[in-house]
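Open the model in your viewer and keep the selection tool at hand. We will go stop by stop, and at each one you get something to select and something to look for.

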Amino acid sequence: MNAIYQALADIVDAEHVSDRPEELYIYSFDLGTAEPHRPDYVVAPRTTGQVREIVRLANREKVPVVPLGGGLSLAGLAVPLKGGILIDLKRMDRILEVNEKGRYAVLECGVSQGQLTSYLAAHHPGLTHSEPGAPPAATVAGNALIHGQGDLAQPYGFNSDQVNGLEVVLPTGEVCRFGSCAIGASWFTNHPLPDVGLFFGWCGTTGLITKLSIRLYPAKRIRGVGQFVVEDEELVPEIIGRVTGTQMAEDVIAYSRAIPPFGLGLQHFTVNIAANSEKELEFKQELIWDDALGEYIRRGDGGYLGFTRGLEHPQISKTSDYKKGGGFEYVGSIMPIEKYPECYRRGREISERHDIPYTVTGRCVGVGHSMMFAWTYAFNRADPETMRQAREALHETDDLVLELGGVIWKPGTYGQQLILGRLDPGTRALMRRIKEVLDPGGIMNPGNWEGI
Amino acid sequence: MMPLDTYEFNDVIHRCFRCGYCKFPTNWMDVNNCPPYARFRMESYSCGGRLWLTRAWLNETLEWSEHLAEILYSCTTCRNCEVKCPLSFNVDIVNMVVAARSEMIERGKVPPAVRRFLENIDLHGNPYGSARSRRDSWMQGTDIERYEGQEYLYYVGCTGSYDTRAQRSARALATLLGKAGASFGVLGNHENCDGNEVHKLGEAGLFEMLAQDNIERFKALGAKKIVTLSPHAYNAMKNLYPLYGGDFQVFHYTELLYELFKEGKLDVSNGFDARLTYHDPCFLGRWNDGYETPRRLLAAVPSLRLAEMEKSRDAALCCGGGAGNFEIDLLGGGDSSPARRRVRHAAETGATVLAVACPKCLVMLEDALKAEELEEKLAVRDIAEILTEAGGIR
């Protein structure tokens, strides 16, 4: 029997290790357009100690290690580009602590967004977390590590900003902790120890996160979504500015899409509002719809489409089944909000050039500080030509992001190379030194940030 | 032409995105509600994994292997995936798996345990390989009547007929029906397998033979109303037999008992002094929307305190026995087996009794109880047994 396989089975157990074609096939794919690459082994550990032993084994054997959470980034970040050991971390799914007074939760890295939402609703109904628009199977840790954003992004920013502490297995097998937990205190804060933010945005090339502490926020009793629409995309930045200026919203999203046809060319807004009483809700609605946006309604530039109580938690995403094709991928960017009109127009052009109905979305991150702007391209998984078209459109859009002055969010390998090509030489050199120090064997998710 | 071209769901199967909704229960509390995924926690065993592997096999990207077949046959057809999948093809997810199994059977490529299961049913009329002449052993020593035109034909099924634990629930039901004055009879050794599992294993030809054999026998005897011990038989007779001309009034036993209770014929006045939790069988719940009647029956019993598990009704975790897995057992062993997970769910409620309404669940969960060493805290009882006690019947 293969020595590495046997060693993995000894570390975990035979049921959670595989080198059989079926597992290698399934774990070779991203769910988007990235080309598949097969791992040599798949292993699903249960503990930090097992992860540590797997990484040590990989170092000894000089075999790549690819960490996988929910596998829903759609950017090919967990495709084993150079084979090796794919570590499926979803068995590490315990919610270790919820601290109501300190408003944080300590989670193992495999805890899903849906699991945390459900757990809080059942056991701590006064608390919530910033839940991304990803399917509920996306992991909390994975989303934070790619700088995800959730439905509390407007007041609180990126989900990576919500992290209070980490437990990390380094590429050489040591286990480290960051934040207050590093000195044996509780996991209540990431500050004020020396900043060693070495893991966010690195696409799994600097270590494996095994635990994290994430901030929780008050869950108001009434939550709902108000909708607003304008025709002129040039109005979107100032509308976002006015809504965020009220500081009354939990989430502000602008979007436009070709399907359904009556929405073509219109810019829709969803504004999440939360309140503990009808009085509070009425007050907030008045500030947003009357004071901030009333002028657009009176001028006939915009329309208020109503307020629906209740949030769909977790959100249902049906984008993948557009035209019964089973696939979509998007380019996400972090972009100045003022760029919305151009992002919309240029994205629409790319879509139409590739015969794909356009879908664009901008979610406000912070109080108007930036937005996550996404261009989505659907494809038919059974039709390689539509996948090729979508891939081309995605690459064009990666180029567009940088051209417009944005930053590609969770870039795939194509986007990573574009970024490296523009990266400040000093920054690039520092990143290279960090990578060399942390991962001297170059085993962590190779192919990502290649040639740094 | 590749096999995918002739596959019944050729134009659908690529639509699964593998978003993972199918792993969750309705309340999203974990990703352990797909029985094979809960057991193995590898993506290959998830619902999406099965569909992607099926497509890869049918388009000849992936060769058939016994492991591939085991992955496909480990699906218990519990329909949790169909409840959770938000996309419009969700109604065909189980059908896609069954159709893939049919393709394997067509080519003679099935796991040995599946082959034995089907051979036994073909040869002996039951999956256990026991003699047809022993089918009536469950009723030895009783005065249960043979069916001769009574109002109800009581169909016991393979598990109730042969499994020694399930035989007790089969006898309990017969006793209850008799005590309530129901007119019923049984087929004894003339009973044949209902074929529900055969259908779900993808053996359409054998299922058709079984269905036609049963339908002809029921019709020849003049049966109009059938009451089943097992939700599996109930599902086949209610939903599949009409396709072959078998238009009977089919009742799961809890439905008939509840009617008898409402008519004042079922005495439960002795009560059942216990905190109890109820496990929804997939073929009664998710397949036939039978969530409330068993609960109404239990609620009618004095002193019985019903405590729901976090996963109940359409969020219930399957016991792992569906689609023949009570015998084929591709999900057994280890503390992550669906049955062991389920008895732990039951124990968490603080109940001392785990009630079931399915002989397969009864056997699966009682075995799991032993493996979990929970026997001193919890007992698995069929609703028929609970009502027998509540009726003061010994």
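## Stop 1: two domains of chain B

Select domain 2 and domain 3 of chain B: together they bury about 2,700 Å² between them, and carbon and sulfur atoms hold 70% of that area. Remember as you look that this is a predicted model.

Where do you find these domains? Chain B is divided into domain 1 (3–110), domain 2 (114–260) and domain 3 (268–390). Colour each one. The C-alpha centres of domain 2 of chain B and domain 3 of chain B lie 21 Å apart. On the domain 2 side, 32 residues are in contact with 32 residues of domain 3 of chain B.

Now show side chains in domain 2 of chain B. Which residues lose the most area to domain 3 of chain B? They are Arg165(B), His232(B) and Tyr258(B), together 21% of what that side buries.

Stay on Arg165(B). It forms a salt bridge with Glu385(B), and the closest N and O atoms are 2.6 Å apart. The count of salt bridges between domain 2 of chain B and domain 3 of chain B is two. Polar contacts between these domains number twelve residue pairs.

Next, switch to a cartoon view. Several helices of chain B each supply at least two residues to the domain 2 side, including helix H8 (157–162), helix H9 (164–179) and helix H12 (231–240). Pick H9(B): it gives the most to the side of domain 2 of chain B that touches domain 3 of chain B, with seven residues. Colour that side by class, and you get 15 nonpolar, ten polar and seven charged residues.

## Stop 2: helix H18 of chain B

Select residues 383–390 of chain B, which make up helix H18. Why is this helix described as largely enclosed by the rest of the structure? Because seven of its eight residues are buried. The buried residues of H18(B) are Ile383(B), Ala384(B), Glu385(B), Ile386(B), Leu387(B), Thr388(B) and Ala390(B).

Look at both ends. Asp382(B) caps the N-terminal end of H18(B), with a side-chain oxygen 2.9 Å from the backbone nitrogen of Ala384(B). Just after H18(B), Gly392(B) takes a positive phi of about 70 degrees.

## Stop 3: where the chains meet

Show chain A and chain B together. How many residues of chain A are in contact with chain B? There are 47, and they are in contact with 40 residues of chain B. The area buried between chain A and chain B is about 3,400 Å², and carbon and sulfur atoms give 61% of it.

Search this interface for salt bridges: the rule finds three. For one of them, select Lys90(A) and Glu43(B), whose closest N and O atoms are 3.1 Å apart. Polar contacts across the interface of chain A and chain B join 15 residue pairs.

Now hide chain B and look at the side of chain A that touches it. Strand E1 (17–18), helix H2 (21–26), helix H4 (113–123) and strand E16 (326–335) of chain A each give two or more residues there. H2(A) gives the most, with five residues. By class, that side of chain A has 18 nonpolar, 15 polar and 14 charged residues.

## Stop 4: one residue in chain A

Finish on Asn445(A), in the segment after helix H13 (425–438) of chain A. Is Asn445(A) buried or exposed? It counts as buried, because its relative accessibility is 1%. Show what surrounds it: Asn445(A) touches residues including Val65(A), Pro67(A), Leu77(A), Cys203(A) and Thr205(A).

Conventions: Residues numbered from 1 in each chain as written. Chains lettered and ligands numbered in written order. Predicted model: local features only at pLDDT ≥ 70, side-chain atom pairs only at ≥ 80, totals over all residues. Heavy atoms only, no water. Contact = heavy atoms within 4.5 Å. Buried area = accessible area lost by both parts, 1.4 Å probe. Salt bridge = Lys/Arg side-chain N within 4 Å of Asp/Glu carboxyl O. Polar contact = N/O pair within 3.5 Å; in protein donor to acceptor, adjacent residues only side chain to side chain. Helix = DSSP H or I, 4+ residues; strand = E, 2+ residues; numbered from the N terminus. Nonpolar A, V, L, I, M, F, W, Y, C, P; charged D, E, K, R; others polar. Buried < 20%, exposed > 50% of the residue type's maximum accessible area, 1.4 Å probe, protein only. Domains from an automatic or database assignment. Lists of a residue's contacts leave out its neighbours within four places in sequence.
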